[in-house]
Amino acid sequence: MASRLVLVIGDLFIPDRAPFKKLLSPGKIGQILCLGNLTDKETYEFLRQIAPDLQIVKGNFDVEAPNLALSKVVTHGSLRIGFTHGHTVIPPGDADSLLITARHMDVDVLLWGGTHKFEAYELEGKFFVNPGSATGAFSTAWSPDGEEPIPSFCLMDVQGEVLVLYVYQLKMDANGVENVGVEKVSFRRSSNQGIS
């Protein structure tokens, strides 16, 4: 598959509080990997307009979509990318549990949601990404220090064995003005990792 931008988004919950809608325009994104908790048909239709290749897994609040899979695997370049909402990973967001899930799915990259907090890290040659909540929805799993969730999503650009992740986060400055910040994180599958 040729290089194309892949939107990684999840835990939407509150569609009328979607601060990134202006940034997501049709024709620039080739595929969307939605990590669940879409919760309404209007958001589904909006995402379909952005990219017709919309892959969705079931979140714990997607009760009106009983036929969605709990996890899926796609291939981009030479990378196998698995994605799941994360509510089936116990304990939630635990690095060892996520590593077991990635091994079970036989993937190089594991995308998961459920915590509503952006994370990206490498562990034992695998790359793990949680895009956070695109709407900044509250989660009972949120940090105990009272910190507010930061709305976020990710764009992936995969070329061969290299994945470049662009992380979009809506942050508030000291004057209370919202700004979109973009960070770049890269992952390269090690050459001694074979494809199963």
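These questions and answers cover the fold, the cores and the backbone of a predicted model.

Local features here need pLDDT of at least 70, side-chain atom pairs count only at pLDDT 80 or more, and totals for chains, interfaces and linings use all residues. Residues are numbered from 1 along each chain as its sequence is written, and side-chain values use heavy atoms, with hydrogens and water left out.

Q: What percentage of the residues of the protein count as buried?
A: Buried means under 20% relative accessible area, exposed over 50%, and partly exposed in between (1.4 Å probe, protein chains only). The protein has 196 residues. The buried share is 47%.

Q: Which residues touch the most other members of the largest nonpolar core?
A: A nonpolar core is a set of buried Ala, Val, Leu, Ile, Met, Phe, Trp, Tyr and Cys residues joined through side-chain atoms within 4.5 Å. Two or more residues come from each of β1 (5-9), β5 (79-84), β6 (109-112), β8 (126-130), β9 (152-159) and β10 (162-172). Another core, of 20 residues, lies apart from it and includes Leu-24 and Leu-170. Of the 21 residues in the largest core, those with the most member contacts are Leu-33, Ile-81, Val-109, Leu-111, Met-156, Leu-163 and Leu-165.

Q: Which residues is Val-109 in contact with, leaving aside neighbours within four places in sequence?
A: Contact means heavy atoms within 4.5 Å. Val-109 belongs to the largest nonpolar core. Its partners are Leu-79, Arg-80, Ile-81, Gly-82, Phe-127, Leu-163 and Phe-187.

Q: What is omega for the cis peptide bond that joins Ile-90 and Pro-91?
A: Most peptide bonds are trans. Pro-91 lies in the loop between β5 and α2 (95-105). For the cis bond from Ile-90 to Pro-91, omega is about -10°.

Q: Is Asp-11 buried or exposed?
A: Asp-11 sits in the loop between β1 and β2 (31-34). Its phi is positive, near 50°, though Asp-11 is not a glycine. Relative accessibility is 1%, so Asp-11 is buried.

Q: What is the phi of Asn-37?
A: Asn-37 lies in the loop between β2 and α1 (41-50). Asn-37 counts as buried because its relative accessibility is 1%. Asn-37 is not a glycine, yet its phi is positive, at about 55°.

Conventions:
Helix = DSSP H or I, 4+ residues; strand = E, 2+ residues; numbered from the N terminus.
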